[in-house]
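The structure is shown first.

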Amino acid sequence: MTKINWNNYSSKGFYDELMAAPGVPHPAARQLCEYLAQLDAGELRQHKQAAEIAIQVMGITFTVYSEGSQIDRAWPFDILPRILPLSEWQRTEAGLKQRVQALNLFIDDLYHEQKIIKDGVFPAEILTQSANFRPQCVGISPPHQTWAHICGSDLVRDKDGTLYVLEDNLRVPSGVSYMLENRNVTKRILPELFATGRIQPVDDYCSQLYEMLASMSPRPGDDPQIVILTPGIYNSAYYEHSYLAQQMGVELVEGRDLQVGDDDCVYMRMIDGLKRVDVIYRRVDDLFLDPEVFKPESTLGVPGLMRAWRHGKVALVNAPGAGVADDKVVYALVPEIIRYYLQQEPLLANVPSYLCMRDEDRKYVLANLDKLVVKPANESGGYGMLIGPHSTRAEQQKFAELIKADPRNYMAQPTLAISTTPTLCETGLEARHVDLRPFILSGEQTYVTNGGLTRVALTSGSLVVNSSQGGGSKDTWIMDIDESVKSQGSA
């Protein structure tokens, strides 16, 4: 590891989140870059080691599934933050709020009158073949018409600096605990950089989450009984489940800890008897929630839970069935969904997309598999994709057969020149590709985190940022910079 010299850093032709050009940081990153340039190699190494020790002491882990076993690993973290100016973030925040508002109206419409289909804006066949539409939810009206109370939308920046929404995660989005812990670790190792007050805080997330959950309670009052329903310790996101329960001061429960009474209310088994539950923040997938309605063999859920929810005796967050909009084919139509429900133009851009169910799109995709990213409609975590430029002929042939067999299940996008940011590697500073997952809470009000979870591809040249496939993360700074700072350099 050597002393940082920004003149020697190259983003290899990609848009870089910190550097406008070699030796020239973006205005919002100037203070950080000047500070880092003053550190010698030993000090840099000490900062890196301090972060690694903090992660071990704080017990920040994630689970990797490997050959049938579960392996807990220390959270992979890079000490150099990713920075966005507040002015840009305010525009992005407005676009995220608009997007989630339209998606909630869309979900509610699909489970009621389906006006968007009757008006010819949304193809009926997409809904008919949806893996995440739940007929059991038809006619249910959650409070505030909100189905996706917690959304994690993934953003990427292209070569020209445009931020695109890559996908919307509306089922059981994860990662927010790592956003919060990244900030805690960074404050420990770079405390002097937080003294200016220009870095926007993220530590109000748990209180905002609690307020949103409380607003869903079917019983008015100041002290609703809220629980987090986890599949258990072997789930890859269990660290996050326990972290959020601890931070909010609510009970972390498994399905066996709950029961539904004859009055259709949900009760938690306590040492001194049963206690009624008002709100369940569920981290269990739809199909495992209630063995009376979905998978009868599920031991993760609670028999009768859907009945209790349907009768308005308990709130479920996120609502079952919200995943109907968490579909990469639906994603391609979100701009039209926004125009239909809000009569507004989208504030955030979608990545151009080709739907293989359309004849012309499918022909183009099959002829250009070596250039495109092909995604199945309902996979997550970066699985099941074809990244054309990095694929073999055999892989392309396999995907051609999959697309022809089930065109509805596939969509494709051009390979973006995803932005980079400097990352501290053993050999020194290297450019690594990043994305960003902000979290949006929807209840009586809508709240967006200041920034989100920046995920970084730790392998040189890789576009895969998922921790389960070797990615890591960084703290994300939303910087409030005044006009005099903006004018002192390239933007």
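## Helix contacts and a loop aspartate

Helix α2 passes helix α6 in a right-handed crossing, the near helix being turned clockwise from the far one by less than a right angle. The model is predicted, with local features requiring pLDDT of at least 70 and side-chain atom pairs pLDDT 80 or more, whereas totals for chains, interfaces and linings use all residues. Residues are numbered from 1 along each chain as its sequence is written, and side-chain values use heavy atoms, without hydrogens and water.

The α2 side of the contact (heavy atoms within 4.5 Å) includes His 47, Ala 50 and Met 58, and the α6 side includes Glu 181, Val 185 and Ile 189. Its residues comprise seven nonpolar, two polar and two charged.

The table lists both helix pairs, with axes fitted to C-alpha atoms over the stretch in contact and angles running from 0 to 180 degrees between N-to-C directions.

| Helix pair | Axis separation | Crossing angle |
|---|---|---|
| α2 (residues 41-58) and α6 (residues 176-189) | within 10 Å | roughly 135° |
| α12 (residues 359-367) and α13 (residues 393-405) | within 10 Å | roughly 170° |

Helices α12 and α13 are therefore roughly antiparallel, a term for angles over 145 degrees. Arg 362, Val 365 and Leu 366 of α12 meet Ala 400, Ile 403 and Lys 404 of α13.

Asp 327 lies in the loop between β14 (315-317) and α10 (328-331). Asp 327 is buried (under 20% relative accessible area), at 3%. Its side chain reaches the backbone nitrogen of Val 329 at 2.7 Å. Beyond neighbours within four places in sequence, Asp 327 contacts Ala 377, Asn 378 and Arg 408.

Terms used
Helix = DSSP H or I, 4+ residues; strand = E, 2+ residues; numbered from the N terminus. Nonpolar A, V, L, I, M, F, W, Y, C, P; charged D, E, K, R; others polar. Buried < 20%, exposed > 50% of the residue type's maximum accessible area, 1.4 Å probe, protein only. Polar contact = N/O pair within 3.5 Å; in protein donor to acceptor, adjacent residues only side chain to side chain. Parallel < 35°, antiparallel > 145°, perpendicular 65-115°, else oblique.
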